[in-house]
Amino acid sequence: IRLERLPLNANGKIDRDALPPPTGDDLARAEDGAGRSEMTPLMEIIGHVWGNVLGLDRLSPSDDFFSLGGHSLLATRVISRIRLVLGIDVPIRALFEATTLATFALRVDAERRRTAGIVDLPLEPVSRDQPLALSHAQQRLWFLEQVAPLSPAYYINLGLDLKGPLQPAALGAALNDLRIRHEALRTGYISVKGEARQQLQPGGAMELRRIDLSARPDGLNTAMTDFAQQPFDLPSGEVFRAALFRLAENHHVLAVSVHHIAADGWSLGIFTRELSAFYEARLTGA
């Protein structure tokens, strides 16, 4: 809608509540003015990425990522897919600074031009026989752990409701398969000459705790809360644990707890997907 001026509130910001509501004609003109006819090939590609992440089919250049339901976790997924699809490493702050499809496409294109002709150096494996430096995020979490070592504030907890026949031994083996696959789930955090370092631990078996609550299923919430609040032993590499609560013969709940220094919210989707694959492989002997 074209206005002579935008209404402002006392703070000098746009007063959205004072904006006139759009009519059907206004929406039609907006659709014509910002339709797919203005979409560049790069916008089409990025729009497809946005659509997959946000669950939308049709986007226009003026669409705003965060107004469409985007948030920081989804923004991370967008950046990761842009890197995968286009081979362009865009900083995540670019999406927060250029939130519409058109402006973000300009940022992606600028990054493409800036890095044109730059050859990435090959990734070289680093020996795990020595303590390694922490990432910036890990350093922050390590510091918080030293300040409040018994606080569960940075524990990530997941509960999976499992109904039907279950083989606990195969599930325990699948959890260990997952731990062996991901070094972050078996890495200890130690202090070397006053500086935090991470030290990869052997891929030994992790115990799947099994608790039978079939005689008192109403105690599940209390039992899961107690499990979730148990402190981790970061120096030993205990950053990941699991417990299986039996409620009935064909009804179990798998509780998983992982320290934030080793995982984040996005990791839980990877965790559940791979755990399912490992469990099926254990059942079939694959």
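Modeller: Two strands pair if DSSP finds at least two bridges between them. Helices (H or I, at least four residues) and strands (E, at least two) are themselves DSSP runs, numbered from the N terminus. This is a predicted model, in which local features need pLDDT of at least 70 and side-chain atom pairs count only at pLDDT 80 or more, while totals for chains, interfaces and linings use all residues. Residues are numbered from 1 along each chain as its sequence is written, and side-chain values use heavy atoms, with hydrogens and water left out.

Biologist: In which sense do strand E4 and E5 pair, and over how many bridges?

Modeller: Strand E4 (residues 208-212) runs parallel to E5, and five bridges join the two. Within this pairing, Arg210 has Leu244 of E5 as its bridge partner.

Biologist: What is the order of the strands in the open sheet?

Modeller: The order is E1-E6-E5-E4, an open sheet of four strands with mixed pairing. Strand E1 (155-163) and E4 stand at the edges; each has a single partner strand, so one side of each lacks a neighbour in the sheet. On average, neighbouring strands of this sheet are turned by 20° against each other, direction ignored. Strand E6 (residues 251-259) runs antiparallel to E1, and nine bridges join them. Asn157, for example, has Ser257 of E6 as its bridge partner. Helix H8 packs on the sheet and touches E1, E4, E5 and E6, its direction making about 170° with that of E5. Contact here means heavy atoms within 4.5 Å.

Biologist: Is strand E5 largely enclosed or open to the outside?

Modeller: Burial is judged by relative accessible area: buried means under 20%, exposed over 50%, and partly exposed in between (1.4 Å probe, protein chains only). In strand E5 (residues 240-248), seven of the nine residues are buried, so the strand is largely enclosed by the rest of the structure.

Biologist: How is the packing of two helices described?

Modeller: One gives the angle between their axes and the distance between the axes. Axes are lines fitted to C-alpha atoms, for helices over the stretch in contact, and angles run from 0 to 180 degrees between N-to-C directions. Helix H2 (residues 41-54) and helix H3 (residues 72-86) pack at about 135°, their axes 10 Å apart. That makes H2 oblique to H3; angles under 35 degrees count as roughly parallel, over 145 as roughly antiparallel, 65 to 115 as roughly perpendicular and the rest as oblique. The contact involves residues including Ile45, Val49 and Trp50 of H2 and Val78, Ile82 and Val85 of H3. By type, the contact residues of H2 with H3 are 12 nonpolar, one polar and two charged. Here Ala, Val, Leu, Ile, Met, Phe, Trp, Tyr, Cys and Pro count as nonpolar, Asp, Glu, Lys and Arg as charged, and the others, Gly among them, as polar.

Biologist: How do helix H7 and helix H9 cross?

Modeller: The axes of helix H7 (residues 168-181) and helix H9 (residues 265-284) come within 8 Å and cross at roughly 125°. H7 is therefore oblique to H9. Among the residues that meet are Leu171, Leu175 and Leu178 in H7 and Phe271, Leu275 and Phe278 in H9. The residues of this contact of H7 with H9 divide into 11 nonpolar, no polar and four charged.

Biologist: Where does Lys193 lie?

Modeller: Lys193 lies in the loop between strand E2 (187-192) and strand E3 (195-200). Its relative accessible area of 85% makes Lys193 exposed. The phi of Lys193 is near 55°, a positive value in a residue other than glycine.
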